[in-house]
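Please look at how the two parts of this protein chain meet. The report below goes through that meeting step by step.

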Amino acid sequence: MTALLEVDRLDLYYGDAQALDAVSIAAQEGEIVAIVGSNGAGKSSLIRAIAGIEPPRRGTVRYRGRDITGLPSHAVCQLGVGQVAEGRQVFPSLTVRENLEMGAMLARARPRMAGAIAEVFTLFPRLRERERQAAGTLSGGEQQMLAIGRCLMGQPELIMFDEPSLGLAPAVVQEVFQTIKALHGRGLTIILVEQNVAVSLRLAQSAYVLENGRIVMRGSGAELLADDRVRQAYLGL
Ligand SMILES: Nc1ncnc2c1ncn2[C@@H]1O[C@H](COP(=O)(O)OP(=O)(O)OP(=O)(O)O)[C@@H](O)[C@H]1O
Ligand SMILES: [Mg+2]
């Protein structure tokens, strides 16, 4: 079986500093893949390299068997690879609805904009209530919902989440995970980078540990959750 996404021996540098060293990961269609690692391990760099934001020096990224290495980010999005970046990136002076419309500017998404907005409002009723409110005035949790909603407007098949629960209150964190589960239930493929390592490994079918830019461990979510090294280093057990 060919994976939906295949990253093969990716090297990424910032100047002379190497951030990714021969990183290989795969995501099968419909699975949740967790990437675990401490601060500075290279998790966001990996997502940005897949998304076409940071060009890798070596290695390949394949999506549906096609080599997409080096494609610009809009072209990667157009193929169905979406991302919810670290830090709830919304356009603060635009309204909730305008932010969602911005998410549908891709050719693949524009014709389905009206239906997609209705779906996002069904998923996040609080966004419907705040449709005409400036995004910058939303609470942190609402902004994260909006960031997820805007990503969904692009009709992604695969979504990469970078620390979606960071800085949110516990109840909202639960809501974010429920949303990720619901999207997985709809058949979306998900790459999840999360500080909540236990929760993300419980959700994930497969998982990788990234340390200093290298994959040092891989397995099913359950296997990594049971691994002593993972438990000590990332779960404090
Ligand atoms: N734009 C950049 N320019 C130079 N170095 C960078 C840049 N972005 C990241 N780095 C460096 O690359 C390494 C990996 O960073 P990255 O943000 O990918 O880690 P991370 O695993 O996402 O960490 P965190 O958990 O803190 O978000 C770090 O040493 C970081 O300082
Ligand atoms: Mg990061």
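## Terms and basis

A salt bridge is counted when a side-chain nitrogen of Lys or Arg lies within 4 Å of a carboxyl oxygen of Asp or Glu. This is a predicted model, in which local features need pLDDT of at least 70 and side-chain atom pairs count only at pLDDT 80 or more, while totals for chains, interfaces and linings use all residues. Residues are numbered from 1 along each chain as its sequence is written, and side-chain values use heavy atoms, with hydrogens and water left out.

## Two domains

The chain is divided into domain 1 (1-80 + 158-237) and domain 2 (90-156), with bounds that come from an automatic or database domain assignment. Taken over C-alpha atoms, the centres of the two domains are 24 Å apart.

## The interface

With contact meaning heavy atoms within 4.5 Å, 18 residues of domain 1 touch 16 residues of domain 2. The buried area, which is the accessible area (1.4 Å probe) that two parts lose on being put together, summed over both, is about 1300 Å² between these domains, and carbon and sulfur atoms give 67% of it. Gln 78, Thr 179 and Arg 186 supply 32% of the area that domain 1 buries against domain 2, more than any other three residues.

## Charged pairs

Two salt bridges are counted between domain 1 and domain 2. In a salt bridge between the side chains of Arg 126 and Glu 175, the distance from N to O is 2.7 Å.

Terms used:
Chains are lettered from A and ligands numbered from 1 in the order in which they are written.
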